[in-house]
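Please read them with the coordinates open.

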Amino acid sequence: MIYQAAHAIVTDDVFLALPRFADRADVELYLKIEALNPAGSIKLKPAVCMIEDAERDGLLVPGSRIIESSSGNLGTALAMVCAAKGYRLTIVTDLNANRAAVDTMRCLGATVTVIATPDAGGGFLSGRIAHIHRALAADPGLVWLNQYANPANPRAHRTHTASSIHKEFGTVDVLFVGAGTTGTLVGCVDYFREHCPQTRIVAVDAEGSVTFGAPPGVRHLPGLGTSVRPAILGDGRGDFDTCQVSEVDSIATCREVARRYGLLVGASTGSVLAAVRSLIPTIVPGSRIVAISPDLGDRYLETVYDDCWTASRYPSSGLPPTGGIVA
């Protein structure tokens with residue numbers, strides 16, 4: 001198959017069976033692999049959708065300059081799309097962004113600004129957003145796509161991510177979705193509530209995140225969780241369950257999946273699968289479970305899979321060693 005642009009290569013129909021995960025042979029668990037595209041993550045779909053919406057609305061014209069906040073994956077996807085379309089891009093990220101993502105964005109032509117001062121809750125998102133507001137005030141010609149409030153974000157997942165799961169499996173008993181901007185979550189909830197309302201949806205959050213009303217705390221891993229509740233989520237959504245996962249459990253699960261199934265997964269995938277293990281006693285025999293894997297583990301070799309990095313941040317965790325990269 002021949003494509004005219006790299007960002008058109010979206011592989012949305014790859015699922016990996018994980019037999020006997022969490023010692024349950026009486027359920028089916030499938031991992032939806034989202035990283036098999038040139039951007040390397042699920043974020044390619046909302047990146048394309050948000051830019052195309054802005055083009056249709058006349059917000060983006062040849063030579064436009066875009067600014068966006070990202071912990072890594074969306075920034076990489078936007079950098080790829082902007083390079084192909086000729087837009088200048090500035091990504092505002094923070095110290096938790098992995099170095100590979102930052103280097104990739106820069107190689108694709110983006111300017112990357114790193115926020116180094118955490119907010120009162122220990123997160124960086126409010127600082128990233130404040131920086132964008134200052135930039136917009138100083139330069140009204142900048143276009144902020146605002147993934148946290150842009151309806152194109154969940155629409156991309158309703159149209160593609162959720163529909164591809166439904167097309168592959170028909171009935172899904174339980175769907176586990178990581179919650180960052182909550183674009184994937186809201187898109188999947190909206191789709192399944194219309195087409196397969198019996199599906200139980202579990203939103204997976206990181207400990208220390210305020211997304212679902214928990215107290216803020218320090219987080220070291222990018223991806224899931226926020227220090228500012230995303231506008232996309234709205235108020236009063238009660239049509240899904242939630243599960244908070246510790247970063248230690250996420251890392252341990254990533255390492256388990258690598259050794260047991262031969263698949264190097266990213267931190268968010270580790271969190272989603274840790275939530276599956278946590279809630280597995282509540283899942284009835286014979287259930288079909290789908291868990292969404294936003295990215296793979298190649299971008300986390302210096303964090304999740306590095307024994308020195310994890311020992312310095314979680315010294316009493318008892319994490320199994322990987323023999324990871326030694327500085």
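How do the residues of the lining of the second largest pocket divide into nonpolar, polar and charged? This is taken up in the first point; throughout, please bear in mind that the model is predicted.

1. Second largest pocket. Its lining holds five nonpolar, two polar and five charged residues. The volume of this pocket is about 170 Å³. Helix α1, residues 44-56, provides the largest share of the lining, seven residues. The lining consists of H7, A8, V10, D12, L44, K45, V48, C49, E52, D53, R56 and H160.

2. Largest pocket. The space in the largest pocket comes to about 370 Å³. It is lined by 21 residues, and N98, R99, E302, T303 and W309 lie nearest the centre. Two or more lining residues come from each of α3 (99-107) and α9 (307-313). By class, the lining of the largest pocket has 10 nonpolar, four polar and seven charged residues.

3. Largest cavity. Two cavities of 30 Å³ or more are found when the whole structure is searched. The largest cavity contains about 580 Å³ of space. It is lined by 40 residues, with S71, G180, P222, G223 and L224 closest to its centre. The elements that contribute two or more residues to this lining are α2 (73-85), α4 (125-138), α5 (152-169), β7 and α6 (183-195). The lining of the largest cavity divides into 13 nonpolar, 22 polar and five charged residues.

4. Second largest cavity. About 80 Å³ is the volume of the second largest cavity. Its lining is made up of A206, R219, L221, P222, L224, V245, S246, E247, S250, A267, S268 and S271.

5. Largest nonpolar core. Which residues have the most contacts inside the largest nonpolar core? They are F176 and L273, in a core of 40 residues. At least two core residues are supplied by each of β2 (28-33), β7 (174-178), β8 (200-206), β9 (241-245), α7 (247-261), α8 (267-279) and β10 (288-293). Of these, α8 gives the most, namely seven residues. Another core, of 29 residues, lies apart from this one and has A54, L74, M80 and V81 among its members. As general background, nonpolar side chains tend to be buried together in soluble globular proteins.

6. Surroundings of L273. Setting aside residues up to four places away in sequence, L273 touches L18, F21, L29, L31, T253, V257 and A291. One of these partners, T253, is considered in the next point.

7. T253. Is T253 to be described as buried or exposed? T253 counts as buried because its relative accessibility is 4%, and the cut-off for buried is under 20%. T253 is found in helix α7. Its side chain reaches the backbone oxygen of D249 at 2.7 Å. When neighbours within four places in sequence are left aside, T253 is in contact with F21, G270, L273, A274 and R277.

Technical notes:
Residues numbered from 1 in each chain as written. Predicted model: local features only at pLDDT ≥ 70, side-chain atom pairs only at ≥ 80, totals over all residues. Heavy atoms only, no water. Core = buried A, V, L, I, M, F, W, Y, C linked by side-chain atoms within 4.5 Å. Buried < 20%, exposed > 50% of the residue type's maximum accessible area, 1.4 Å probe, protein only. Helix = DSSP H or I, 4+ residues; strand = E, 2+ residues; numbered from the N terminus. Contact = heavy atoms within 4.5 Å. 1 Å grid on protein atoms, 1.4 Å probe; cavity = no way out; pocket = protein on both sides within 12 Å on 5 of 7 lines; lining within 4 Å. Points joined across faces, edges and corners; volume = space filled by probe spheres on them. Nonpolar A, V, L, I, M, F, W, Y, C, P; charged D, E, K, R; others polar. Polar contact = N/O pair within 3.5 Å; in protein donor to acceptor, adjacent residues only side chain to side chain.
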